[in-house]
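Grab a pencil and get the viewer ready. Try each task yourself before you read the solution below it.

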Amino acid sequence: ISEGCVGACAFCCVRFARGALFSYPKETIVRRASQAVSEGAKEIWITSQDNGAYGLDIKTNLAELLRECCKIEGKFLIRVGMMNPDHVLRMLPELIDAYKDEKIFKFLHLPVQSGDNETLRRMNRRYTVQEFMTIVNSSRKEIPEITLATDVICGFPGESQEAFERTLELVEDVQPDIV
């Protein structure tokens with residue numbers, strides 16, 4: 001649905017390898033998904049380097065795209081790929097509402113990377129542990145059957161034993177389905 005990135009994470013080369021964010025027009029994506037369904041597709045995978053950033057460059061967002069895709073006639077499911085927490089925060093109520101549609105797989109891939117705010121800051125991530133938890137708690141409250149996947153980076157340069165322990169505690173507290 002898009003290419004490139006708007007982030008500058010200390011550990012990532014996507015911005016250099018893929019360039020700045022380029023979101024494909026919503027109408028183009030919906031048309032392609034509709035065509036795939038008419039040709040017999042049973043699953044549509046919405047994917048990019050960071051689905052949460054979709055539309056920042058074209059004045060739309062992932063929640064709007066999902067709502068439009070759910071209007072496509074036919075029996076199919078939409079699987080949504082990874083979204084970074086900072087982008088999800090901007091559209092959280094809208095996104096949760098879109099996820100409630102029966103055509104959306106109840107799967108949320110939300111990388112936390114660390115359970116320590118100082119480590120997140122050094123990673124140049126643009127959210128806190130508390131903001132990650134807001135997304136998780138809100139999603140689980142509204143969609144109890146949601147499957148949560150997350151990513152964790154262990155041994156990030158400068159990570160202390162205490163910071164690592166906070167990450168372990170977060171994983172134990174959150175109990176993601178996939179790490």
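Predicted model: local features only at pLDDT ≥ 70, side-chain atom pairs only at ≥ 80, totals over all residues.

**Exercise 1. Work out how helix α3 and helix α5 are arranged: what is the angle between them, and which residues meet?**

Step 1. Two packed helices are described by the angle between their axes and the distance between the axes.

Step 2. Find α3 at residues 62–70 and α5 at residues 92–99; they pack at an angle of about 20 degrees, and their axes are 8 Å apart.

Step 3. Angles under 35 degrees count as roughly parallel, so α3 is roughly parallel to α5.

Step 4. Look at the handedness: α3 and α5 cross in a left-handed way.

Step 5. Now go for the side chains. On the α3 side you'll find Leu-62, Ala-63, Glu-64, Leu-66 and Arg-67, and they meet Glu-94, Leu-95, Ala-98 and Tyr-99 of α5. Sorted by class, this contact of α3 with α5 holds 6 nonpolar and 3 charged residues, with no polar ones.

**Exercise 2. Is Asn-51 buried or exposed?**

Step 1. Locate Asn-51 in the loop between β3 (43–46) and α3.

Step 2. Buried means under 20% relative accessible area. Asn-51 has 0% relative accessibility, so Asn-51 counts as buried.

Step 3. Check who is around. Leaving out residues up to four places away in sequence, Asn-51 touches Ile-1, Ile-46, Leu-62, Val-80, Gly-81, Met-82 and Met-83.

Step 4. Finally, the side chains of Asn-51 and Ser-48 are joined by a polar contact of 2.8 Å.

**Exercise 3. Where are Gln-113 and Asn-124, and what is phi for each?**

Step 1. Gln-113 lies in the loop between β5 (107–109) and α6 (117–122). Its phi is near 70 degrees, which is positive in a residue other than glycine.

Step 2. Gln-113 counts as buried, because its relative accessibility is 7%.

Step 3. Asn-124 is in the loop between α6 and α7 (129–142). Asn-124 isn't a glycine, yet its phi is positive, at about 65 degrees.

Step 4. With a relative accessible area of 34%, Asn-124 is partly exposed.

Definitions and conventions:
Residues numbered from 1 in each chain as written. Heavy atoms only, no water. Axes fitted to C-alpha atoms, helices over the stretch in contact; angles between N-to-C directions. Helix = DSSP H or I, 4+ residues; strand = E, 2+ residues; numbered from the N terminus. Parallel < 35°, antiparallel > 145°, perpendicular 65-115°, else oblique. Left-handed = near helix turned anticlockwise from the far one by under 90°. Contact = heavy atoms within 4.5 Å. Nonpolar A, V, L, I, M, F, W, Y, C, P; charged D, E, K, R; others polar. Buried < 20%, exposed > 50% of the residue type's maximum accessible area, 1.4 Å probe, protein only. Polar contact = N/O pair within 3.5 Å; in protein donor to acceptor, adjacent residues only side chain to side chain.
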